[in-house]
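This report goes through one protein model, from individual residues to helix packing and the nonpolar core. Please keep the sequence and the coordinates at hand while reading.

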Amino acid sequence: MKAECSESRANLTEMPPVDRTSESSHLVPPSNTPRPSYLNLVSNICALIFIGIILYCCFKDGATLFSFHPTLMALGWLILMTSAINAVTPGDLATEWMPIRLRSARHWVLQLLAGFIILVGFLVILTNKIINDKYHFQSLHAKFGLAALVFVCFTSFGGLGALYSLKIKDYIAPIYMKLLHASVGLVTFCLGTITIILGNFSKWWSFGEVLKYTCLMLVLIIMTLTVLRPCLKVYFRLKERLGYSNN
């Protein structure tokens with residue numbers, strides 16, 4: 001028995017060390033889970049404050065058809081879409097405990113809901129301009145809004161590609177399909193938040209300079225904290241893949 005134990009110990013000492021730099025080693029998740037990040041919590045608090053300000057500005061003198069345009073856009077971009085992005089961001093307090101399939105499902109459900117709310121907000125302003133016999137897409141805010149809506153459509157189709165990436169692996173590698181979807185999605189979100197900022201600086205805004213620049217700071221904080229970690233994730237994953245392809 002002692003001889004067998006000695007032999008097994010000798011075999012263990014002779015085993016080659018694990019190559020931590022190999023591609024397969026990166027496919028195995030680490031034993032320790034990432035620390036929860038409070039960045040998303042700060043972003044959510046800022047989004048709620050911004051929504052409160054927009055609700056006050058839009059409905060303090062009564063409700064009109066236009067009142068629902070800023071409200072729906074703020075809800076779609078800054079509440080639902082940020083939550084959808086956070087759902088697949090490592091360290092999110094709300095979803096870190098979830099298995100990856102549940103987090104992915106939460107992501108696309110929230111994205112579909114956000115896309116629907118944004119589309120309704122777009123139809124509201126389109127109808128309002130038709131009723132009031134006004135020209136469409138004249139301001140910088142309107143042009144950025146149209147571009148953001150087009151990118152929402154592209155991102156949604158890219159989400160289908162990422163969801164069924166294994167079925168189209170003969171045309172594009174799943175990892176590149178997912179990185180492409182994530183990159184376009186982040187550009188889409190930035191377009192949407194810039195559109196909201198431009199809206200606060202448009203002729204519509206008549207609620208004072210303090211609220212205007214408060215909203216500006218809130219939206220910038222939301223945008224930065226929401227895209228920071230996903231951008232780093234895309235960068236390092238892409239750098240990792242390109243590094244393997246060069247080896």
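## Thr 155 in helix α6

Thr 155 is found in helix α6. The model that contains this residue is a predicted one, and every value given for it here is computed. With a relative accessibility of 10%, Thr 155 counts as buried, because the cut-off for that class is under 20% relative accessible area. If residues up to four places away in sequence are not counted, the residues that Thr 155 touches are His 181, Val 184, Gly 185 and Thr 188.

## Overall make-up

The protein contains 8 helices and 0 strands, and from the N terminus on its elements run α-α-α-α-α-α-α-α. It has 247 residues, of which 36% count as buried. Among the contacts between residues at least 6 apart in sequence, 73% join residues that are at least 24 apart.

## The nonpolar core

Which residues have the most contacts inside the largest nonpolar core? They are Phe 50, Trp 77, Leu 78, Met 81, Phe 189 and Trp 205, in a core that has 43 residues. At least two residues of this core are supplied by each of α3 (39–59), α4 (68–87), α5 (100–131), α6 (140–163), α7 (174–200) and α8 (209–246). The largest share of the core comes from α4, with 9 residues.

Phe 50, listed among the residues with the most contacts inside the core, can be followed through its own neighbours. Not counting residues up to four places away in sequence, Phe 50 touches Ala 74, Leu 78, Ile 196, Asn 200, Cys 215, Leu 218 and Val 219.

## Packing of α3 against α4

The axes of α3 and α4 come within 9 Å of each other and cross at roughly 170°. That angle makes α3 roughly antiparallel to α4, because angles over 145 degrees fall in that class. On the α3 side the contact is made by Asn 40, Asn 44, Ala 47, Leu 48, Phe 50, Ile 51, Ile 54, Leu 55, Cys 58 and Phe 59, while α4 contributes Phe 68, Pro 70, Thr 71, Ala 74, Leu 75, Leu 78, Ile 79, Thr 82 and Asn 86. Divided by type, the residues of the contact of α3 with α4 are 14 nonpolar, 5 polar and no charged.

## Packing of α4 against α5

The crossing in which α4 passes α5 is left-handed. In the contact of α4 with α5 the residues divide into 19 nonpolar, 6 polar and 2 charged.

Gly 76 has its place in helix α4, and it counts as buried because its relative accessibility is 0%. The C-alpha atom of Gly 76 is separated by 5.5 Å from that of Ile 117, although these two residues are 41 residues apart along the chain. Leaving aside the neighbours of Gly 76 within four places in sequence, Gly 76 is in contact with Met 81, Ala 114, Ile 117 and Ile 118. Of these contacts, Met 81 is also one of the residues with the most contacts inside the largest nonpolar core.

## The loop between α5 and α6

Asp 133 is found in the loop between α5 and α6, and Phe 137 lies in the loop between α5 and α6 as well. Asp 133 has a positive phi of about 55° although it is not a glycine, and for Phe 137, likewise not a glycine, phi is positive at about 55°.

Phe 137, at 31% relative accessibility, counts as partly exposed.

## Tyr 176 in helix α7

Tyr 176 is found in helix α7, where its relative accessible area of 30% makes it partly exposed. The residues touched by Tyr 176, not counting those up to four places away in sequence, are Leu 238 and Arg 241. Between Tyr 176 and Arg 241 there are 65 residues of separation along the chain, and their C-alpha atoms are separated by 9.0 Å.

How values were computed. Residues numbered from 1 in each chain as written. Predicted model: local features only at pLDDT ≥ 70, side-chain atom pairs only at ≥ 80, totals over all residues. Heavy atoms only, no water. Core = buried A, V, L, I, M, F, W, Y, C linked by side-chain atoms within 4.5 Å. Buried < 20%, exposed > 50% of the residue type's maximum accessible area, 1.4 Å probe, protein only. Helix = DSSP H or I, 4+ residues; strand = E, 2+ residues; numbered from the N terminus. Contact = heavy atoms within 4.5 Å. Axes fitted to C-alpha atoms, helices over the stretch in contact; angles between N-to-C directions. Parallel < 35°, antiparallel > 145°, perpendicular 65-115°, else oblique. Nonpolar A, V, L, I, M, F, W, Y, C, P; charged D, E, K, R; others polar. Left-handed = near helix turned anticlockwise from the far one by under 90°.
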